[in-house]
Amino acid sequence: MPERNRKIDRCALCGERTVLEVSHIIPKFVPDWMKKNGGTPFLTSLANPQKREQDGDKTTLLCRKCEQKFCVWETKFANEIFYPFHKHEKVICSYDGWLHLFVVSLAWRFGVYVKEKDERVLSALEVWRKCLLDEAIEDDIYDHHIFFILKNENDPSLPDGYDMYNFTHYDEAIALDSNEKTHQGWLYMFIHIPGFIFCSCIDPIIQEDWFGTLILPKGKLDSNAPRSIPDHVKVQYISRIERYGGIRYSPKRMEQITKSFRKNEQQVKQSLGYKMGLRDLSRAALKKGKKG
Ligand SMILES: [Zn+2]
């Protein structure tokens with residue numbers, strides 16, 4: 001960034017007043033991977049689907065030292081878990097504190113970015129800020145979970161847009177359970193990147209009915225090991241996929257998509273985005289056939 005555009009302010013993590021870096025809210029390796037595998041150099045944001053984006057959300061947030069700290073955990077996650085999982089559709093790896101710090105860095109960045117006012121969230125953000133700053137995972141009182149999304153080829157009960165949402169988009173929310181049948185009022189951070197869901201529990205700080213997903217100080221991850229997410233998170237997750245499946249593009253955006261497709265047809269047809277789109281279409285056709 002040119003020097004004159006740089007912003008001097010307090011680093012949100014260490015508090016030092018200095019020149020701030022422009023930080024990605026979702027780590028840069030994610031939008032970079034999405035562009036490489038999506039078939040076009042553009043992204044569609046779930047928050048604003050009618051606009052095409054060239055990069056993920058960014059903001060001036062951290063000093064260089066803190067930005068580099070985050071970069072270490074991101075690189076570790078990208079190389080040891082994210083890329084291998086997408087390349088081989090499975091991954092087995094050992095981890096230690098860096099996985100906890102990586103997941104907390106996602107939740108903290110998003111909470112700070114959206115300027116959340118809820119006191120329960122603010123308390124969590126302050127605990128997470130100190131945990132990240134001192135790299136002291138033992139001071140974090142909140143539970144964090146990681147969930148691998150596996151490809152379910154032809155299950156017709158899955159909602160429209162399932163594959164596109166899960167494998168070609170990212171999504172973030174401070175989620176509140178409003179379902180009377182589950183745990184009304186439960187609060188957590190919901191972060192989705194292609195192939196993964198991360199949940200950071202906020203209130204209560206430990207939430208039941210997760211299985212095989214808890215991030216420990218150190219352990220082993222196997223993407224194919226049995227795991228399940230609780231009903232209140234499932235309800236949120238499915239409703240977010242359905243919201244995505246219900247997106248109808250404006251004529252202008254549709255024209256952009258068609259043009260980009262024609263221009264790069266061969267490349268698009270080889271892409272993950274195209275394959276996932278076809279899978280969603282064939283599932284929708286199967287559903288329609290069953291109904292009719
Ligand atoms: Zn800093």
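The questions below concern a predicted model.

Q: Why is L106 called buried?
A: A residue counts as buried if 20 or more other C-beta atoms lie within 10 Å of its own. L106 has 25 C-beta neighbours inside 10 Å, so L106 counts as buried. This residue, L106, is found in helix α3, residues 97-113.

Q: Which residues does L106 touch, not counting residues up to four places away in sequence?
A: L106 touches I191 and F198. Contact here requires C-beta atoms, placed from the backbone, to lie within 7 Å.

Q: How far apart are L106 and H24 in sequence and in space?
A: L106 and H24 are 82 residues apart in sequence, and 10.0 Å separate them in space, C-alpha to C-alpha.

Q: Why does E89 count as partly exposed?
A: Partly exposed lies between the two limits, 20 or more for buried and 12 or fewer for exposed. E89 has 13 C-beta neighbours inside 10 Å, so E89 counts as partly exposed. The loop between α2 (64-88) and β6 (92-95) holds E89.

Q: What makes phi of E89 and phi of K115 worth a remark?
A: Most residues other than glycine have a negative phi. Phi of E89 is near 60°, a positive value in a residue other than glycine. Phi of K115 is near 50°, also a positive value in a residue other than glycine.

Q: What makes the peptide bond from D203 to P204 a case to point out?
A: Most peptide bonds are trans. The bond from D203 to P204 is cis, with omega near -5°. P204 is found in the loop between β10 (196-203) and β11 (219-222).

Q: Why are β1 and β5 called edge strands?
A: Three strands form an open sheet in the order β1-β2-β5, with antiparallel pairing. The edge strands, β1 (7-10) and β5 (58-62), each pair on one side only. Neighbouring strands of this sheet are turned by 60° against each other on average, direction ignored.

Notes. Residues numbered from 1 in each chain as written. Predicted model: local features only at pLDDT ≥ 70, side-chain atom pairs only at ≥ 80, totals over all residues. Pairing = 2+ DSSP bridges. Helix = DSSP H or I, 4+ residues; strand = E, 2+ residues; numbered from the N terminus. Axes fitted to C-alpha atoms, helices over the stretch in contact; angles between N-to-C directions. Contact = placed C-beta atoms within 7 Å.
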